[in-house]
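This report covers a two-chain model. The sequence and structure come first, and the notes follow.

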Amino acid sequence: MPDSQTIESATTALATRTPQPDTKTRRYDRQLRLWAASGQAALESARVLVISGSATSTSILKNLVLPGIGHFTILDHERVSPADAGNNFFLEGQSSVGKFRAEEAVRLLRELNDGVEGKADTRIIEQVLDNDPAFITSFSLVIAHNLNENTVARIAKLLWEDETYPSFVVVRSSGFLAEFSIQFHEHTVIESHSETAPTLRIDKPFPALLEYANSLDFTNMDPTEHSHIPYVVILVRVLEDWKKSHNGAAPKTYEEKKEFKKTITAMKVKVDEENFDEAEAQAYRCWTESSVPSEIAALFQDPKAFSAASSSSSTSPFFALLAALRAFTVQHDPPQVLPLSATLPDMKSNTVNYVHLQTLYKKRAEEEKAQFKKYLALSGGAGIDDALIDSFVKNAHALKLLRGRQWTSVHSSAETLGNSMAMNSKHVSTHLALASLSSLQAKQADTKVTTEALTAEAATLLPSGLELPEEWDEAAGEIARSPNADLPNMAALLGGLVAQEVIKMITKQYVPINGYCVVDLIEMWTGVVG
Amino acid sequence: MLINEAGARNLRDSAPRRPGFLSSERILSILTGLPLRIESTRRCRRCWWPENWRTLDCAMTVPLKELSKAYVRIAIELVADGDVAEALTQLFLQSTMATSSTQQSGQDWDGRYYHVDQILDVPGPRTDPSFSPGDTVKDFLRNQCKILVIGAGGLGCEILANLALSGFKDIHVIDMDTIDISNLNRQFLFRPKDVGKPKAIVAAEFIMNRVPGVKVSPYYGKIQDKDDDYYLQFNLIICGLDSVEARRWINATLVNLVDPENPESLKPLIDGGTEGFKGQARVILPTITSCYECSLDMLNKPTAFPICTIANTPRLPEHCIEWASVLEWPRVHGDKKMDTDDPEHITWLYEQAAARATNFKIEGVTWSLTQGVVKNIIPAIASTNAIIAASCCNEAFKIATSSAAYLNNYFMLIGTDGVYSYTFEHEKRDDCPVCGGEALDLTINSELLVEQLIELLVEKQDIQIKKPSLSSGSTHIYFQAPPQLEEATRPNLGKKVSELVSSGGEITVTSTSLPFSLSLRITYS
């Protein structure tokens, strides 16, 4: 590559080659390897509203503009103060002082990515709430940083009114301490990037697999071929033979399992047959029943999975797919299994045998998917996109469904708070101290923040029956030290943490926090209350 | 090229707010109003000026500020003649001086550090009594502390911005890379127009323009170019690297730098790393806490496919790609080196791999997968880098100011499922080859051959040494270089280790990739 070149000259040379990715794909390469085109498309169609142009707010936005969020608006009526000019990277020092904070920040944030639309709105949030609430509900997600608690409560109430309204991320920070929470109606995950592999169904082999395993003559096989039979096939065959002599049952007791493994080892014709070593190591698959994972079975009980067929089109396709999945697990033969996955892990084998096995799995997976689609049509999902169905079936073993709560300043459940206190009282101390600060400042913005004032406020916030945690003075004392500090490092850290959560909410590929994420930069820890 | 009035105005308006560093392209494009491209040529690693253009010696002794001014003059002479050049130079220098003097007085405007000062003016309940709040700590942070940032990439860009806003004003940055388009999704100091330019220089220039009064001194080159005296000048070092080898080098260098007689020689090292939604930050006090080498066994083992699978029984698309890069490239191209940054090379590998995959009926070879496998690409996003860089800078700030205790000593974060983090003390290893002092015990079979021992050392997770050379006392067991010594010691490869070293004897292992030697105490089973 030449030392210096324009992006145009760098890309025109490459554009003529078909297999090479285009400029946009190359720009986003390192993130596409995480959330793929589907996640990127979700990001690019998302619209985010951020209330205030503080250092923390612009740090969050930076991490959303860079990966290519569709649109962002900063709502902030304040003008840049000398203090803002000192702690916010998206202001230009003293030359920004006196200008609208929203306008300066939007201008500098937009420089990060041509593909992102950014707007500054200099109205006062309370007036927007009074006169134009539809503006707020028109976004896909709303974020507020260090906003007056009464205003936060008003926004939270508005956005809780309808389940199609945007999620709401509330961030508060004070010096070395901070927390944030997300108010969301529900969050469903299909492409969950699960590290658990779906079952290979060795214990319940489909007919073509069983037939293939039975067709092999291990004793008279060519020795090279013998060392290239995939372990899946070996196990299916050994299990089938075992069942014949054990009244159709798989090994159960420790002794039986040991004997089963010995049978596998005894089949070796040479000591170094690694496929048989693999079969022995994977033998547990023969007595681990392939069934519907309990987490997925629990989802089947969700009321929405029952109403999917009859409800309006506004219901997310997730529930129609879930209803179809439940029908599949009841009516399919064998029952109580999820549709077969076509993904085969790597294993010792020659190419021909491996590809053959892969073909058997793929064919069967296609057949089961076709059956799944029949149930889907019956559960009101006839119009669902094929790519989404493929993805759903592929990830059926690791689906996620989360239900959120309406925002409250302090966790609304006394029981959860009590439990959190028993588990890690430092987390609860920080959560309470930040809530006490918000509460104090909502009453009087320029109030003198002291440990005593915070302690008195905390007493009014704490559910009855609970006492202030042991580390209270440390958290409250730290807040009293620097109540209004939006530290550059804390702003940057929250910028990263909150942006990660927003990306999870928007791409629907990862699991966001459910509760209050608390941060302490003195001892350098994070925790979750709730 | 003739320069017109508009060009002169551009130059004046674009003059940096403080006299800092201007790259050659920048000066010339400002002057001419044209985007300028300099054809590939050797460049000075420090100032990025084409070497055959330079008339000044760009040595460490010349302040970059002066150098920059001199180059402005040269640049102007290149595009204008005689009197015009003189006038332009004066104009330029006046404008930089003028802005510089106003900046000087206004650098620390009232209220600039309103946020940070809340921390520096008062101790908190957990602050160590040694903290001296107020002017003393602010003076040290803003006027005396000198910090080195290694890496100006994903973490480096974030680190530089955080340090500058926190009040560090003398920042140095080293990076040997140039900007690639795939950096732009997270390395927020770079723009499409910067592709191909050195990261360290562009990042330094951006920070100095954005945060007035902060000096960032870039070095475009390798950390190995610098000697002990260079590293001794800093109070703190932060690493945002993507290479295990570079981390091992700087870690071992800083451990070796520690002189028990001189407490100033102990340089705290803060290290960060990320992968997708995961990351870690740690504080290393060389010789006192666990060092990078102590935790080498925590690294994930790189995926390696057996050569026979690649050659004979491919099953996965990755096997076909490995075949193309490991076996087919050298067969077809001989000694020509494969450059994984060259898209043409990746395309060639992709085509070979795709053809092999079709032959074997294997699906899934794509250009992007080919690039991912041969470059060992690790996914990276802005948000995770922001978290880890902020953690590192927060530690640097706490260590520099004593305003709060620092991390003891390891923080790790997993953001895929909620926010999960774990803070713990990683233990120092007594047999750490860098900071432990004790020899590492290794029990081997008495039949083991020297070449097998070498293979074992390369693969062993807590050693990971490339091309090791072995000696025992005055006996050369095997040396990788120079060629004469390699040839002389080659016959030993086929000998049993037990023939050359007695039980309980020590073997010294060295490698050019590591700045330290490893002592193994051998016993036989």
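## Basis and burial

A residue counts as buried if 20 or more other C-beta atoms lie within 10 Å of its own, as exposed if 12 or fewer do, and as partly exposed in between, with C-beta atoms placed from the backbone. By that rule, buried residues make up 45% of the 525 residues in chain B.

The model is predicted: local features need pLDDT of at least 70 and side-chain atom pairs count only at pLDDT 80 or more, while totals for chains, interfaces and linings use all residues. Residues are numbered from 1 along each chain as its sequence is written, and chains are lettered from A and ligands numbered from 1 in the order in which they are written.

## Chain B and helix α8

Chain B has 18 helices and 13 strands (DSSP runs numbered from the N terminus, with helices being H or I of at least four residues and strands E of at least two). Two residues are in contact if their C-beta atoms, placed from the backbone, lie within 7 Å. Among contacts in chain B between residues at least 6 apart in sequence, 65% join residues at least 24 apart.

Helix α8 of chain B covers residues 199-210. Ten of its twelve residues are buried, so α8(B) is largely enclosed by the rest of the structure. Those buried include B:K199, B:E205, B:I207 and B:R210. Their cover includes α7 (154-166), β2 (170-175) and β3 (215-220) of chain B.

## Nonpolar cores

A nonpolar core is a set of buried Ala, Val, Leu, Ile, Met, Phe, Trp, Tyr and Cys residues joined through C-beta atoms within 7 Å. The largest one has 180 residues, and B:I207 is among those with the most contacts inside it, along with A:V48, A:I143, B:L160 and B:A396. Apart from that core lies another of 26 residues, including A:L200 and A:M347.

Leaving aside neighbours within four places in sequence, B:I207 is in contact with B:L160, B:A161, B:A164, B:L189, B:V214 and B:V216.

## Contact between the chains

The contact takes 77 residues from chain A and 83 residues from chain B. On the chain A side, helix α24 (residues 488-507) gives the largest share, ten residues.

## Annotated site

UniProt, in an unreviewed entry, lists B:C308 under "active site"; its positions are given in the numbering used here, feature names are shortened, and annotations may be inferred rather than shown by experiment. B:C308 lies in helix α11 (residues 307-311) of chain B. With 8 C-beta neighbours inside 10 Å, B:C308 counts as exposed.

Terms used: Expected span 1.5 Å × (residues − 1).
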